[in-house]
Amino acid sequence: MRKKDSLLTTPYLHFNRTQWAALRDSVPMTLSEDEIARLKGINEDLSMEEVAEIYLPLSRLLNFYISSNLRRQAVLEQFLGTNGQRIPYIISIAGSVAVGKSTTARVLQALLSRWPEHRRVELITTDGFLHPNAVLKERGLMKKKGFPLSYDMHRLVNFVSDLKSGASQVTAPVYSHLIYDVIPEGDKIVQQPDILILEGLNVLQSGMDYPHDPHHVFVSDFVDFSIYVDAPEELLEQWYINRFLKFRQGAFTDPDSYFHHYAQLPEQEAVGIASQLWKEINYMNLKENIMPTRERASLIMTKSSDHAVDLVRLRK
């Protein structure tokens, strides 16, 4: 038997921007220009066109998947003769620092909550599941924030497991980018949402990423649909540096900011520091721990220089 050409086999369907936009069908736009402006990140352009051509087709696809999942739950309840607990549909969003995961998460939350079914959509970031700075300092890991070693993965796995078990109420720790730490006593209460969006660097990672802390159940075991937001490495570095400079003029000027000392730096020196932080920390984490998880995703969105998505890959 002749071996198949590996270049001709792929688990993904490929769509350019025009092909993907056509799949919006007749889904109406439910966000205004002002709302879209509030949803975008500090370093991103998010246009009405981007929402219409990329996110509306994606929200339509997700609505089909969610409706199918609810029918499956109803079949199980019919088989068991029970009235089942509300089990949320979990969507995870992964990708590099500065790629725009948070914007993707906020846009999807807004769109999915406005479908006629009026489903309740919660958004949680895995930053809250980082170990507190005191723990990271004790373990010498402050320069490894975002790496597998820096997360309390047992707490994160227990959080999604409890949600998928139908728990009426769970709590998630909250991270402050101002103080660069988990907020003590600042847990967010999550009460049986219809949809949970879980956004973070590590949501596609598995046991092979945690040899220091072996466990046999992973976040991805509880995720119904996963998204990886992708972009070329040179763009990611550029976006990271640009974001750093904008923070330097904005959030870093707050005296309470952990990075307040960067606000006083000349721009050229700030660019040098941002470039160093990218190369020594974020790029290393991307190459070693984040990018290798990309092909585990249900859908991969690839961005171009203007932050617009120009390629979508959907798992068959």
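Reply: Asp230 sits in strand β9. Here strands are DSSP runs of E with at least two residues, helices are runs of H or I with at least four, and both are numbered from the N terminus. The model is a predicted one, in which local features need pLDDT of at least 70 and side-chain atom pairs count only at pLDDT 80 or more, while totals for chains, interfaces and linings use all residues. Residues are numbered from 1 along each chain as its sequence is written, and side-chain values use heavy atoms, with hydrogens and water left out.

Is Asp230 buried or exposed? Asp230 counts as buried, because its relative accessibility is 8%; buried means under 20% relative accessible area, exposed means over 50%, and partly exposed lies in between, with a 1.4 Å probe and protein chains only. Leaving aside neighbours within four places in sequence, Asp230 is in contact with Val99, Arg294, Ile300, Met301, Thr302, Lys303 and Arg313. Contact here means heavy atoms within 4.5 Å. Val309 is 79 residues from Asp230 along the chain, and the C-alpha atoms of the two are separated by 9.0 Å.

Strand β9 covers residues 225-230, and Ser226 is also part of it. Ser226 is buried, with 6% relative accessibility. Not counting residues up to four places away in sequence, Ser226 touches Ser92, Leu204, Arg296, Ala297, Ser298 and Leu299.

Leu299 leads on to the core. Beyond its neighbours within four places in sequence, Leu299 has contacts with Trp20, Leu58, Leu61, Phe225, Ser226, Ile227, Tyr228, Val312, Arg313 and Leu314. A nonpolar core is a set of buried Ala, Val, Leu, Ile, Met, Phe, Trp, Tyr and Cys residues joined through side-chain atoms within 4.5 Å. The largest one in this model has 94 residues, and those that touch the most other members are Leu58, Phe159, Ile227 and Leu299. Helix α3, residues 48-80, gives the most to this core, with nine residues.

Helix α3 packs against helix α4 (residues 101-112) at an angle of about 60°, and their axes are 10 Å apart. Axes are lines fitted to C-alpha atoms, for helices over the stretch in contact, and the angles run from 0 to 180 degrees between N-to-C directions. The two helices, α3 and α4, are therefore oblique to each other. Angles under 35 degrees count as roughly parallel, over 145 as roughly antiparallel, 65 to 115 as roughly perpendicular, and the rest as oblique. The crossing of α3 and α4 is right-handed: a crossing is right-handed if the near helix is turned clockwise from the far one by less than a right angle, and left-handed if anticlockwise. On the α3 side the contact is made by Val51, Tyr55, Leu56, Leu58, Ser59 and Leu62, and on the α4 side by Thr104, Val107, Leu108, Leu111 and Leu112.

Ala110 also belongs to α4. Ala110 is buried, with a relative accessible area of 13%, and it touches Leu31 and Leu39 when residues up to four places away in sequence are not counted.

His118 has a positive phi of about 50° although it is not a glycine. His307 is not a glycine either, yet its phi is positive, at about 70°.

Another helix pair is α7 (residues 233-249) and α8 (residues 267-290), packed at an angle of about 135° with axes 9 Å apart. These two, α7 and α8, are therefore oblique to each other, and α7 passes α8 in a right-handed crossing.

Last, a word on confidence. The mean pLDDT of the chain is 91, and 94% of its residues reach 70 or more; pLDDT is the predictor's confidence in each residue, from 0 to 100. Over residues 1-7 the pLDDT is below 50, and this stretch has one contact in the model beyond near neighbours in sequence.
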